[in-house]
Amino acid sequence: MKNIINLMLVFFGLALVSAQNHSVEGTVQDFHDKTMLENAVVKIGAFTAKTDKKGKFSFRDIPAGSYQVVAKHPLCDDYTENVKVDRDVHLAITLEHHIGEIETVNLHGNHKTKGSVIMKTLDKTEIERNSTENLGNLLSKISGVTALKTGNNISKPVIRGLYGSRISILNNGVKMAEQEWGVEHAPNVDVNDFEHVDVVKGASALKYGNEGVGGVVVLEPAILPKKDTVMGSVRLSGISNGRGGELGANVAKVWENQWFVKAGGSYRKTGDQYVPHHTLQNTGMDFNSFNFSFGKHSFLQGFDVSYSGTNQEFGIYKGSHLSSLQDFYKAINFGQPYYLDQFSYDIDQPKQEVSHHIAKLSAYRRFEDFGKLTFQYSFQINRRKEYDIRKGDLANIQSLDLRLITHSASLVHLLERSNWSLESGISAAFQDNYPNPATQARRLIPDYYRYDAGAFSVFKYRFNSKLNAEAAVRYDFSRYDAYKYYDSDKWESNFAAIFPQFFVQESGSRTLTRPILDYHNLSANIGIDYKPTENYDFRINLSRTERTPNAAELFSDGLHHSAAIIEEGDLTIKKETIYNLNVSLAGKFDVLKGLHIEVSPYLMYSDSFINQVPTGVKYTNRGTFPVWTYQQIKARIMGVDADAELSILDNLKWRSNFSILKGDDLSTNEPLILMMPTKLRNTLELNLNKPKNFYITLENENAFKQNRFPIRNPPITFINDDGELISDVVDFSSTPAAYSVFNASVGADLFKNLNLNFRVNNLFNTEYREYLNRLRYFMNEPGRNFVVTLKYNF
């Protein structure tokens, strides 16, 4: 009996052990910044708990056994783990963001890391409604941004008075290198390839380089969904002005395992442009683009390989290339029209043909404690051919043929914590510029190699929910190694005594030189973002940037054919240092259905500003052209951008933006040339649900007369048709009159997947000229233009 009782006690004790309960507790945190996640749902078997403000959860009295633990949180992937409970257990759970939340552009307007930068965004809707516009014209819808044009097809963005090399354009993470120094070198991009466009005003984005002293344009494609699907669209547009059209398509295949492949492209063709009462000869265009990419993107790691290419052919209005001094004088001073009213799709000389190709390889990996590491390599080749009006054996040979090859690589590390982040990186680039001697013309830009290396670091700190601060520093090294011929008399009088080490040899009346120039640039910025209440926001950013002169500023020497000017660079030009102060004041007010206002004053100063101004007129065997010379001066630009949006009704909105700036050449006490005139844009938009996505907009754009400009009117002497000797000045300086232009658009979903957009630009066929059009002396801006676009989504 005693043995039986002992055996029963043993089994009873074992039963007590097996029935013993334990506690399971732990924390749930974000993988990349280690933030503790509140309200995460944690399940273990049939038991459920939520995390508190410190990310902690706790279970009591969990019976011993094996369980599946599941943790869920909005915008995060579910966490699953099998756990054996035979004692008290502590779990440290880390959740990963959905693939759609991977941060691709830190600066995007909807991202929490916007910080102190002054930025505006064009979203997918705005891009789709203006799908036939080029990038320069599209960005002109943003306050403080306009377009510098050469005719009516070629335009490039101007941000707060600065353009060219001072504006960096990021195409899917690649800084574009495309001979951007030229005033008529339009960005080689297809705006339809991108989901949104961010414009950063001022030099507050040093992670992208030190050359964007005026601002940065960030072009980003759509983030693909994390599901097994096929998606895409086909787009067809008809364009009345130029009697042309556009066809575009894109398709993407995504697998649930996060692999993807996508491709797209477009083709656009227009003939000669119509201006009120006339058609301008040789103003047609031909454009095509293609892009392809594949890769795999998960939260922890990913890679992608991509290619994009564009080919553009633009006609340059024949009336801007005049053979005699008399015709040139009449066109500039009296607006005498030439080459009008014979419509054609043919593109003849003068013209430009440009192709640009980008190949990119990028990869990233997130480490739990180390942060995110991203590597990127890109290869670019830009080929630019410019054709002048030439005769005889040279009639069909280009006058300018430049090939620019660019290799660039970067390695970036991002470490994020709950209250701070540190992003640092190194980069290197190599450029090879080759001007083809087959042109049998003087090389505008010489052979050169350019070497670049840089390092940056950006630190952001969150003091509390109201105050954020950031600081950045960047160092860049640049070297030019060039081979250039000078006229011997020009070399001796201007540069021989300063740069004797560059001399190579004499060759008749020409001197061969090898300039090797090194530049060390140090840039920095600091900024704060203060949000005292939910309805008010204050940002301030102060920066000092140093920029290496571009190739044109140093070396240009000769006729720039498609710009219809003679350009002269200066080898003595030093690096450019610019100080920038940017401020933003934003507020939301209870007016009708809601009013949002943002005012952004700014100030830019430089004692080494590189400026280009007209300094004379030259008659050549290819025509008569103004001479523009690069100079280094003291300069100041200050202005204000203002934006307002008022919801009048739930479905009726009024939007307005206003920009004014003042630019001064402090060296000569005169205004800076080519400064944007004051502009005011108002838009009224009505949205209805029947039919679906139905909208109507009416837009009014006003440009005031630019009354501040330098007087640079060179003298001219010629014999007119009556044999009289005429001595006068060419009026390069006077600016066009103010103008007011109306645009209207309407659109809706016709069927489930079919959308229609109809737009009228210059609704009342207003005749006007734009100050920032370098061919304004010879031609008006486009007349009325009807654009209809059908888009099928699948």
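Is E670 buried or exposed? E670 is buried, its relative accessible area being 17%, which lies under the 20% limit for that class. The model described here is predicted. In total, the structure contains 53 salt bridges.

**Salt bridge E670–R712**

- The partner of E670 is R712, and the closest N and O atoms of this salt bridge are 2.5 Å apart.
- E670 belongs to strand β38 (residues 670-671), whereas R712 sits in the loop between β40 (694-703) and β41 (715-719), so the contact ties together parts that are 42 residues apart in sequence.
- R712 is buried as well, with a relative accessible area of 18%.
- A network is also present: salt bridges with shared partners join K141, K679, R681, E699, E701, R759 and E770.

**Salt bridge K175–E211**

- The side chains of K175 and E211 form a salt bridge with an N to O distance of 3.3 Å.
- K175 is part of strand β12 (residues 174-175) and E211 is part of the loop between β13 (196-201) and β14 (215-220); the pair therefore ties together parts that are 36 residues apart in sequence.
- K175 counts as partly exposed, at 29% relative accessibility, while E211 counts as buried, at 11%.

**Salt bridge E386–R384**

- A salt bridge also links the side chains of E386 and R384, at 3.4 Å from N to O.
- E386 has 0% relative accessibility and counts as buried.
- R384 likewise has 0% relative accessibility and counts as buried.
- Side chains of opposite charge can pair when their charged atoms come close.

**Annotated domain**

- An unreviewed UniProt entry carries the annotation "domain: TonB-dependent receptor plug" for residues 119-216.
- Over residues 119-216, the chain is 11% helix and 32% strand.
- The end C-alpha atoms of residues 119-216 are 9 Å apart.

**Open three-stranded sheet**

- Three strands form an open sheet in the order β4-β1-β7, and their pairing is mixed.
- β4 (56-63) and β7 (89-95) are the edge strands, each pairing on one side only.
- On average, neighbouring strands in this sheet are turned by 25 degrees against each other, direction ignored.
- Strand β1 (residues 21-30) and β7 run parallel and are joined by seven bridges.
- V24 has V89 in β7 as its bridge partner.
- Strands of a sheet pair through backbone hydrogen bonds, either parallel or antiparallel.

Notes: Residues numbered from 1 in each chain as written. Predicted model: local features only at pLDDT ≥ 70, side-chain atom pairs only at ≥ 80, totals over all residues. Heavy atoms only, no water. Salt bridge = Lys/Arg side-chain N within 4 Å of Asp/Glu carboxyl O. Helix = DSSP H or I, 4+ residues; strand = E, 2+ residues; numbered from the N terminus. Buried < 20%, exposed > 50% of the residue type's maximum accessible area, 1.4 Å probe, protein only. UniProt positions renumbered as here; feature names shortened; annotations may be inferred. Pairing = 2+ DSSP bridges. Axes fitted to C-alpha atoms, helices over the stretch in contact; angles between N-to-C directions.
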